[in-house]
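Subject: Structure handover and notes

Hello,

The structure you asked for is below, and my notes follow it. Please read them with the structure open.

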Amino acid sequence: MTIVQPDKEWQHVSKPDIPAYDIFAKAIQKSQQDDREYRVIRLANGLEATLVHDGKADKAAASLDVAVGHLYDPDDMPGLAHFCEHLLFMGTELYPKENEYSEYLAKNNGSSNAYTGTSNTNYFFSASTNALPGALSRFAAFFHCPLFSPSCTTRELNAVNSEHKKNHQADMWRIFQLNKHLSKSGHPWSKFGSGNIDSLSKAAKELKKKGLLSNGSDVQSADSSVSATPISSRATSPTSSTWSAAEKEGDGGAVGREIRRRLVEWWTKEYSANRMRLCVIGKEPLDELSDMVSKLFSPISKRDVEALPMINDHPFGTKEAGTFISAEMIMSIHCLEVSFPIAYQAPLWRYQPGNFVAHFVGHEGPGSLHSYLKNKGWVTELSSGPQPLARGFAMFKVTMHLTNEGFSHYREVLIAVFKYLSLLRSSEFPAWYQREISEIKATRFRFQEKRRPEDYAVWLAQPWDESSEQTEGEREVREVLEGLQVRKGRAVLMAKKEEHERLRGKLDWQQEPVYGTPYLVEKFDEDLIVEAEGTNNIKELFLPGPNEFIPTNLDVDRRNVDEPAQRPNLIRETAISSLWHKKDDRFWVPRANVLMDLRSPVAYESAKAAAMTRLFVDLVTHSLTEFSYDAELAGLSYTINSHNPGIFINLQGFNDKLHVLARDIFTKARTIVVNPNDLHVLTRNWQNFFLEQPYRISEYYARYILTEKQWSLAEKLAELPSITAEELQAHIARFLSQLDIKALVVGNMYKDEAIRLIESTEQALQASPSPVRVNEIARLPVPGTDAIWSSKVPNPNEPNSVLSYYVHMGSLLVPRLRVTAALLNQILSEPAFNILRTREQLGYVVSCSFWKAPGEAEGGIRLVVQSERAPVYLEERVDAFLDEMEQSIRTMSDSAFEEQKKGLEKSWTEDPKNIRDETYRFWSHIDSGDLDFYRRQENTQVLSGVTKDEILSLFKTHIHYSSPTRAKFSVHLRSQKPQPKKVSEAAMIAFEENISQRGLAIGSQQWRQELFESGEPLLTQAITYWTQIFSAESSGVSQDTVKDLLLGLSQLAERYPAQSAYEGKTRDSAMPIDDPATFRTSLRISDLPKPVVDWGDLPTSKL
C-alpha cells in the first residue's frame, strides 16, 4: 500500500487490485460515548463515503444519497426521479433477478427502502454484519449497471400511480402540493414530485399522437434515435436496443418504451458519482471497508455535472407575499400556517439562526405565544422552525392547530403571531440564552446513544455544507427576524369547506390541479397589515426564563461486567404495585427509561368509561405543556396513553431530574380540575380516524374482533355528547382510587432511587389497591373458522379498498409452535411483497407480518393488501399466493431453508441498540405477564432443530385454505367510490364487428396498439379514440351513426366486462360475519396470563 499526502486535508491511497482513493486526514469529532471509528474517503470518480467501524455491531447498514430529487425532473415528466427510485431496484446486469436484492436481505435479517426528496434521493438497507459484502455488492450495482428492465415499466408505473392514489385523500400531501402550486410561475418548486401514470406518460403520448413513436420493438425519439437504452447510460456494459419477447411483456408498448428511454436518458445525465454521498456501517476494520467501497463503487460514472446543484431563486416572490390562503381539508381539522421566505440555512450551520429564532417562537412555557393562545382557548398545538424546502432556499413556518373558538378568531391568532415576532425584533438576547441552548446540545451530543444502523447511515449520508462566516451569529439572527414580517409572509387557513363558508360566507373557490384541493387566494387587508406591523401590546407575551430542567449531575457509575444482565429484577412488590429494575450495565449513559402501567377496573367498564379514560389522559397532556416544555428541551420527555386496562406512561431522559418530572405529572393527574370548555377541544378530532388509510381502519376492525373486552370507537363516540365535566371529574377520582401498577425502571438509577420513584408516585396518586387484577386477554378464532367481515371504507372519496387476512397459529407459550410460526412468517414475508405487490401490482400497501393477539400470549400471521381491486378478488389472490408458497416450501432446497433459519436466528441474537430498545424488550414480558425474559435464547436453541417438513406441515394445517382445521377470519373494507369503467379486448372485438357489419372500412387492428399497450383502457379513452377516427374527413361516417356506434360500445363494455372489473368469488366455505358483536361471542377466550418462570427475586417478605 502506498500513501501519499498531497495536501493537509487528504491522503492518497494506492493498492494493487483496488482503485485508488483519498482519505480525509483531519480528525473527526465524535461523542465521548461513541466507541465507533470513523473515516471519510473520496473515490477517483468523486463519490465521498463516510465509513463507520463498529466492533460491537451485530447489524450492518449502508445509505447512498444522490443530490438530485424531484425538483430536477424534466418539466414535461413530473415524477421521473420518483419513478427512477422505483425502477432502479428491478435488477442489475450483475444481479439480473428482479427480487435478488430484497431476497438476499430478507435471508440475512435485513431490509431496505428509499425515498425521493426535493433535492435528493436516498437509498438504504440493513443486514447482518457477515452479509455486508454481498449486500453492498448488490446495492452498488444499482448505481453503475441497473437494467431498468423493460418488463417492469408498466408495473412500476402502476406502483407510482398506486402510491399517488394512496396519498390522494391525505391532507398532508394535498396542502404540500397546494403550497408548491402557489409559488412563482415556472419555478421548479411547483413541480408535482411523486408523479402518477398520467404525468409520466403525457409527453410520450403527445409524441405518439404526432406520429413520432413507432409501435415496433424500437423507439423512435424526437431526435430520431432508435436506441432504447443509449450506450452512454451504462458505465460498464450497455444493454441491447432490442428486447426478448419475455422482456416486452409489461413494457407499455411504444409509450412505455419512450418513458423508459427518457428515464435512462435522465439517469445518465443526473446520476453522477460526484453527486453521491455514501455511508457504510460494518464490523470490518476501516481499511477493509475502504477497499470494499472503492472496489464496488468506483465503477459508477462521473458526469460533467455540478456536484451539489443549487436553486438559489426562491419560489416565494413579491406576488406570493402578503397573501392569505383558504384551503379545504379532508379531515375535520382547523389549522393556521404562517410562512416566510428565509435564507438557505445549511451554510449557517455553526450559528443556526433559524433554529435560534424557533427556540422562542415555538416555546410553550410561560410568556410564550403558545401559552397565550392556549390560555385563550384558541390553539391545542403550536410548532415552528426553519424548513429547508430544497438545496438553495428555505421557509420559516409557524403552524397552529386551532380549536373551534380559535378558528372563529383566526384573525386575532394571526395578529398574535406577528405581535410575538415584533417582540423578538425589539428584544435583546442575553448571552445566557445561547449558552443554555449550546449546553443542551453539547450534553445531548456527549451522551448520544446508538440507534438503528440504517437510520444512522441515512443521517450520515446527507451532504453537509461546511462553509460558515466567522461572526458572532447576532447579525444572522436579526436578518431572519427582519424577514418575518406581515408584508413578506403568507398565511394558510385550513378547514373543511363548510367551516370556511360558515365563518366567511360563500367563497369563490379555485382548484389545485393535482389533488383537486379547493383554495382561495386573497391579499392581507390593510387593517390587518397596520395592526400586524405595530409593536407588541399583548402583556402576556414575554421571553422565557432559565430552564431549570437542565441536568447538573451527569455522573455514571461504570463498573466492568463480563456480560450484561439479560433481565430486570423484581425489587419491590406491594398490594398496589410491582417494580422491576435493571441498573444499566451496557450503555453507560446518564439516562433512564421508566414505564408504568396504571390499571383500574373502572377504566373500561363501559363505553362511556372508556371514552372518559381517554379524555382524562388528553386533559393531563393538555394541562402539562407549559411545565413539560422546558423538560423536553433539556432532554426529558414523557408520553401518556390510554389503553383498555388503564393508562400507560413512559418517562425517559437524563435521570438527574427525572423524579421531578414524574412527581409533577402524577400530582397533576391527581389534582386536575376539568374545564368544560376543554371537552370539545379534546374530542373534535376523534372522528378523523375514519378518514385514515383503509389498511389502518382494517387493523382496528381486526383488533376489535380479537379483543375480549372491546368498545368500538362508534360506541365511544355515541357517548361523548352526554359526558359532562362533573361526570368526568368523578370518573377520574374513581379511576385513581383503585389501581394495579406495573413499573419498570432501566438505566442509570440504583434500586433505592427506583424504589423512591415508585413510592413518590404512589404518594402523589393516593390510590388503594385494585380489588381485582385487570388483564387484557384475547378472543381467538376456533379451528375450522373461515369468516369474513365485510363493510365499507368510511371515507366516500377514498378509491382504495383493503383486505386484512388473519390466520391464527396458537399459543406463544409453546416454544416449538412459537419458533416454527416465526420461521414460517419469515419465509412468507418477502415473497408476499414480491408477488402481490411487485408482480401482480395489486396495490402499494402489501405486507405479511406476525401479529400478537391482545395479551400477547397468542398470535398468528396477517396479510394486508390495500388496492383499487375488490376485497373478494384480493382474497382470491392471497389464496393463489398460498398455493404458490406451498409449492415453494415443498421444493425449497436444504441450503435455502438453512439460510432462512440463520436469518431468523440473527434477528433473535441482535443486541438492543440503546436503553429504550432494552426497556421495551423487557416490558413486553412484564406487560404480558409471562416474564419470559430469556425467550430469545430459548427460541434460538429450538430453531436449530426445526425441519422443513415441520414448516410444511404447519403451513398446510394452519395457513392454507384447504385445511379443515385452519382458524381464519378476514376483514373486507370496500371503497364507496365507483371505479372508472374500462373496456375489455372482447368488447372491442365485438365493436369492430359492429363496424364491419355496417359496411364501414375503418375497423383496422390499430386500436390494439393505440388502446391496449398499457393494459385495458378506460371507456372514456376508447370513446375518445373512436370519436377521433370517425371524425376524420375520410371516414364518411354520419354523426347519427357515430352516436349509435358509441352507444353500442358502452353496451358492449357492460356485456363483456373488463378483466380488471372482475370482483372475485367468495369461497363456499366462507361464513359472512353479519353482526361482529355476535361473532365475537362465538370465539374462544384465551387463558389468563401467567409467568412461565418463577424468578424468586423477592425471597423476603413483600413490602
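Predicted model: local features only at pLDDT ≥ 70, side-chain atom pairs only at ≥ 80, totals over all residues.

Threonine 50 has cysteine 279 as its bridge partner in β9. The strands β5 and β9 run parallel to each other and are paired over six bridges. On β6 the pairing with β9 is antiparallel, again over six bridges, and there alanine 62 stands opposite valine 280 of β9.

Is strand β9 enclosed or open to the outside? Seven of the seven residues of β9 (residues 276-282) are buried, so the strand is largely enclosed by the rest of the structure. In a regular strand, side chains alternate between the two faces of the sheet. In β9, Met276, Leu278, Val280 and Gly282 point one way, while Arg277, Cys279 and Ile281 point the other way, and all are buried.

Aspartate 54 is in the loop between β5 (48-53) and β6 (59-66). With a relative accessibility of 8%, aspartate 54 counts as buried. Its side chain reaches the backbone nitrogen of lysine 56 at 3.1 Å, and a polar contact of 3.1 Å joins it to the side chain of lysine 450. If neighbours within four places in sequence are left aside, the contacts of aspartate 54 are Arg36, Gly282, Lys283 and Lys450.

Next, the aromatic residues. A pair of aromatic rings is described by the distance of the centres and the angle of the planes. With a cut-off of 6.5 Å between ring centres, the count is 43 aromatic pairs. One of them is formed by tryptophan 10 and phenylalanine 24, which are edge-to-face at 5.4 Å centre to centre, with 70 degrees between the planes. Tryptophan 10 belongs to strand β2 (residues 10-15) and phenylalanine 24 to strand β3 (residues 18-24), so this pair ties together parts that are 14 residues apart in sequence. Tryptophan 10 counts as buried at 9% relative accessibility, whereas phenylalanine 24 is partly exposed, with a relative accessible area of 23%.

Phenylalanine 192 and tyrosine 515 also form an edge-to-face pair, with 6.3 Å centre to centre and 80 degrees between the planes. Phenylalanine 192 is in the loop between α5 (171-181) and α6 (197-209), and tyrosine 515 is in the loop between β15 (510-511) and β16 (518-523), so the pair ties together parts that are 323 residues apart in sequence. Both phenylalanine 192 and tyrosine 515 are buried. Elsewhere, ring pairs link Phe89, Tyr101, Tyr123, Phe125, Phe139, Phe142 and Phe143 into a cluster.

Isoleucine 175 lies in helix α5 and is buried, with a relative accessible area of 9%. Which residues does isoleucine 175 touch, not counting those up to four places away in sequence? They are Ala327, Met329 and Met494. The C-alpha atom of isoleucine 175 is separated by 9.2 Å from that of valine 492, although the two residues are 317 residues apart along the chain.

Now the cysteines. A disulfide is a covalent bond between the sulfur atoms of two cysteines. How many disulfides does a search of the whole structure find? The search finds zero. Cysteine 84 is in no disulfide, and its nearest cysteine sulfur, that of cysteine 152, is 13 Å away. Cysteine 84 is buried at a relative accessible area of 0%, and cysteine 152 also counts as buried, at 0% relative accessibility.

Last, there is an open sheet of six strands in the order β27-β28-β26-β29-β25-β30, with mixed pairing. The edges are β27 (845-852) and β30 (1071-1072), each with a single partner strand, so one side of each is left without a neighbour in the sheet. β27 pairs with strand β28 (residues 858-867) in the antiparallel sense over eight bridges, and tryptophan 851 stands opposite glycine 860 in β28. The ring of tryptophan 851 has the charged end of arginine 862 over it, 4.5 Å from the ring centre. In another such arrangement, the charged end of lysine 583 sits over the ring of tyrosine 750, 5.3 Å from its centre.

Regards

Conventions. Residues numbered from 1 in each chain as written. Heavy atoms only, no water. Phe/Tyr/Trp six-rings, centres within 6.5 Å; stacked < 30°, edge-to-face > 60°. Helix = DSSP H or I, 4+ residues; strand = E, 2+ residues; numbered from the N terminus. Buried < 20%, exposed > 50% of the residue type's maximum accessible area, 1.4 Å probe, protein only. Lys NZ or Arg CZ within 6 Å of the ring centre and 35° of its normal. Polar contact = N/O pair within 3.5 Å; in protein donor to acceptor, adjacent residues only side chain to side chain. Contact = heavy atoms within 4.5 Å. Pairing = 2+ DSSP bridges. Disulfide = S-S within 2.5 Å.
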